[in-house]
Amino acid sequence: MNRRYTYKSFLRGVLMVLITIVFAIPFYLIITNSLKTTSETYSNPFGLPKQIVVDAFRQTLSGAGQNANFIAGLGNSLAITAGSIVLLIIFGSLAAYCLARHAGKLSNLLYMFFLIGIIIPSQLGILPMYIVLRRVGLAGNILGCIILYTCKQMPFTIFLYTGFFRALPIGYEEAAAVDGSNWFQTFWRIILPQMNIITGTAVLMNTLYIWNDTFDQLVFLSGSKASTLPVLIYNLTIAITARWNEIFAAVIISLLPIIILYLFTQKAMMTSMAGGLKG
Amino acid sequence: MTSKKKKWKGGVQVPWYIIIPGLVCSLTAHFIAPIRGAMYAFTDFKGVGEYNYIGFTNFINIFKSKADVAAILNTFKIAVPFVILTLFFGLLLALALKDVIKSRNILRAIYFSPVVMIPMAVSQVWKFIFDYDGPLNILLNHLGLSELTTNWLGNLDTAIWCVLVVLVWQNMGYTMVIFNAGLESIPTDLYEAAAIDGASSWKRFRHITLPLLAPSFTIAVVMMTITGLRVFDQIMSLTGGGPVNMTHTLASDFYYQTWNKFRYGYGSALALILTALISVIGILQVVVLQKKEDSVR
């Protein structure tokens, strides 16, 4: 099976290289064209830049003349993602721990409810949540978005944790109780640290969902000071259609954080997603 | 000992109230809010002021409107080939990478990378590629195929298929890792035994790989169908629903009607159709595919 250098495997190698090149062309176009002048993106879209110019990046970072502050956008995206995830991990793990340690009909019913919450799409609930949060002044606001995502991603997070808590032997709690530890100390010092892998999965999957989501952020943040990266990109492309070098500079700036995260966690991201659960 | 264990499982030690924040959040977003949304679907709510319950009027108007019917049809036009193509290419990539040893990890990382990127951002490069003055038309002109050039995203015959290309490109890495995981779980001695018995590589694929990949197919079909039905970002970034509002999907039409035209009731009716569609198809798929999975085994 492992005869390595037959002509068949050589052909397959060539084919794989070709497929990969075609697949990667969009990335090549983004990077090279972000370093050209606008007119060169039209006269020479395929080639390397005749002369590397970083004007597009300077334009984008200074607001692109469109009041689109990408540094602030980066901060907003980061604040919303981080804030939601902290709440999701705390409340999600507590709820799951409760479910796992209270066996019974009600517990199973709630477990099913959380599962259904994952399957059924949440679009229908966006408008009512938007109306309520707008009424209390939380639309167009980072806190409002954190509340929204915490609510939306909660069943997924609880579901993720519950199975693992259930599989954890009760002996840990027994031993801790003998030592006089109360439920919270046991949970915080002994139980949760054993969940590091699943906490990592929950953090990664929720990060990908929240960071990349456009729909809710357009609804809640359009035109506000709290605009996130997807919202800024959307507004920018409407404002400066066809200035591709600037658009691509913005694209690169907004993709950079997730690409850096991807470089360090790609294996974990792939295995989490391969399980077939998505928020 | 057993009685003590029972006492633990009975949950004396873990207080019940720690479930409250998580439960309230979930109930709000996945139960109370959607029901409220479903109720809006039967009203003429415009966002401000009073509203009346108007029965199925919104739904009747949706089916009378050319653009909204197009949105429903587009949803399927995208979702069906999307599922087929992502499964096909994902399986192809996973199989191709199975025996590649040296560069497997780097290739896998490249193919999966679009999955983690903001769709609104990466789709911009495809808008550039499909632009009338863009790389695709330039390439076609160079190849002497200038009669094929068109305004790809502004042409009703091509716009939806361009969106499909972008979607498949961004998601085939996702199905690839699902099939990767499936392939890795197949024990190699099965192949060795089959090879000793003289089974051709097609036969090994047909009788070992495919049946044992059944669980992966289930996951991939369900995930891709749900992704394919709720396409939004790519529509917003590539066509914006145009030309003449004929390239919307249900999700983007819901956004457009609700937040651009402030027809809260009408938009909610579109969202209700989308939700019903995804829920029914999602549940049906899980049931049907799981049965099939069992019978293949």
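**Exercise 1.** Determine what area is buried between chain B and chain A, and which part of chain B gives the largest share of its side.

*Solution.* The area buried between the two chains is about 8,200 Å², and carbon and sulfur atoms give 77% of it. Buried area here is the accessible area (1.4 Å probe) that two parts lose on being put together, summed over both. Next, helix H2 (residues 20–40) of chain B supplies 16 residues, the largest share of the side that touches chain A; helices are DSSP runs (H or I) of at least four residues, numbered from the N terminus.

The model is predicted: local features need pLDDT of at least 70, side-chain atom pairs count only at pLDDT 80 or more, and totals for chains, interfaces and linings use all residues. Residues are numbered from 1 along each chain as its sequence is written, chains are lettered from A in the order in which they are written, and side-chain values use heavy atoms, without hydrogens and water.

**Exercise 2.** Classify the geometry of the aromatic pair A:Tyr130 and B:Trp259, and state where its residues lie.

*Solution.* Rings of Phe, Tyr and Trp (its six-membered ring) pair if their centres lie within 6.5 Å; planes under 30 degrees apart count as stacked, over 60 as edge-to-face and the rest as tilted. The ring centres of A:Tyr130 and B:Trp259 are 5.8 Å apart and the planes stand at 80°, so the pair is edge-to-face. A:Tyr130 belongs to helix H6 (residues 123–135) of chain A and B:Trp259 to helix H13 (residues 250–260) of chain B, so the pair joins two chains.

**Exercise 3.** State whether A:Tyr130 and B:Trp259 are buried or exposed.

*Solution.* Buried means under 20% relative accessible area, exposed over 50%, and partly exposed in between (1.4 Å probe, protein chains only). Both A:Tyr130 and B:Trp259 are buried.
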